Amino acid sequence: MKTLAEVDALADRAHAGQVDKVGVPYVEHVRAVAAGLAPLGAELAMAGLLHDVVEDTVWTAEELRAAGVPERVVRIVEAVTNDPGGSYEEKIRRITRDPDATLVKIADNAHNSRADRAAGLPPEQRERLAAKYRAARRVLWPAADPAHVATILRVVNPELLAEATAS
C-alpha cells in the first residue's frame, strides 16, 4: 500500500517534463488539486495527485494497482479519466455518479478556474474555458456535500466561495 508521499513521488515521475497551458510544471496542478482534497482524507488526496496520470501519461490503471496504489484511489482515477468517445458534458454527468470522483473533479475544476492560471492564456481561450468550467460547476457542486465543496474551495480557489454559497 502506497503512502501519500510515495504517490506524490509517483505523480512527479509520471508528469516529469510536462507543463500546463501556460508553461508551469504539470505536477504543480495535481499537487494543488491534492491539497484541496487532503482535509477529506489521504486516499482522496492520492486520487488528486493521480487524477490525470492515466489520461495524460503512459501509466495505466493496472500499472497503478501493480505499484501498490489503493484500489479506491485507482477507481476514482478511472472515474475521472476521459472517455475518448464521450463529450465533456457527458463526462461530468458520469463523474457525478461517484461521490469521490465528484470531489476530485471539483478540486480539479477549482484549480483550472483560478484567475492567476487563466491570466496567461489568450483572451478567447480564457473565456471559452471559463464558460466550460462554470457549466461543469453547475452539475458538479449540487452532486456533492456543500461543506466538502467549501473545504476544497477554501484551499484551491477561495474566489469561488461566493459562487458556491450563492448556488
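Student: What makes Val30, Arg31, Val33, Ala34 and Leu37 in α2 partners of residues in α3?

Tutor: These α2 residues meet Leu44, Ala45, Gly48 and Leu49 in α3, where contact means heavy atoms within 4.5 Å. By class, this contact has 7 nonpolar, 1 polar and 1 charged residues; Ala, Val, Leu, Ile, Met, Phe, Trp, Tyr, Cys and Pro count as nonpolar, Asp, Glu, Lys and Arg as charged, and the others, Gly among them, as polar. The model is predicted, with local features requiring pLDDT of at least 70 and side-chain atom pairs pLDDT 80 or more, while totals for chains, interfaces and linings use all residues. Residues are numbered from 1 along each chain as its sequence is written, and side-chain values use heavy atoms, leaving out hydrogens and water.

Student: Why are α2 and α3 called roughly antiparallel?

Tutor: The axes of α2 (residues 26-37) and α3 (residues 42-50) cross at roughly 165° and come within 7 Å. Angles over 145 degrees count as roughly antiparallel, and α2 and α3 are therefore placed in that class. The crossing of α2 past α3 is right-handed, the term for a near helix turned clockwise from the far one by less than a right angle.

Student: How is the relation of α8 to α10 classified, and why?

Tutor: Helix α8 (residues 99-112) packs against helix α10 (residues 123-140) at about 155°, with the axes 10 Å apart. That angle makes the pair roughly antiparallel. Their crossing is left-handed. In α8, Thr102, Lys105, Ile106, Asn109 and Asn112 meet Tyr133, Ala136, Arg137 and Leu140 of α10. By class, there are 4 nonpolar, 3 polar and 2 charged residues in this contact.

Student: Which residues touch the most other members of the largest nonpolar core?

Tutor: Leu37, Leu50, Leu64 and Trp141 do, out of 49 residues in that core. A nonpolar core is a set of buried Ala, Val, Leu, Ile, Met, Phe, Trp, Tyr and Cys residues joined through side-chain atoms within 4.5 Å. Beyond its neighbours within four places in sequence, Leu64 is in contact with Leu10, Leu50, Val53, Val54, Trp59, Val69, Val74 and Val77.

Definitions and conventions: Axes are lines fitted to C-alpha atoms, for helices over the stretch in contact, and angles run from 0 to 180 degrees between N-to-C directions. Helices (H or I, at least four residues) and strands (E, at least two) are DSSP runs, numbered from the N terminus. Angles under 35 degrees count as roughly parallel, over 145 as roughly antiparallel, 65 to 115 as roughly perpendicular and the rest as oblique. Buried means under 20% relative accessible area, exposed over 50%, partly exposed in between (1.4 Å probe, protein chains only).
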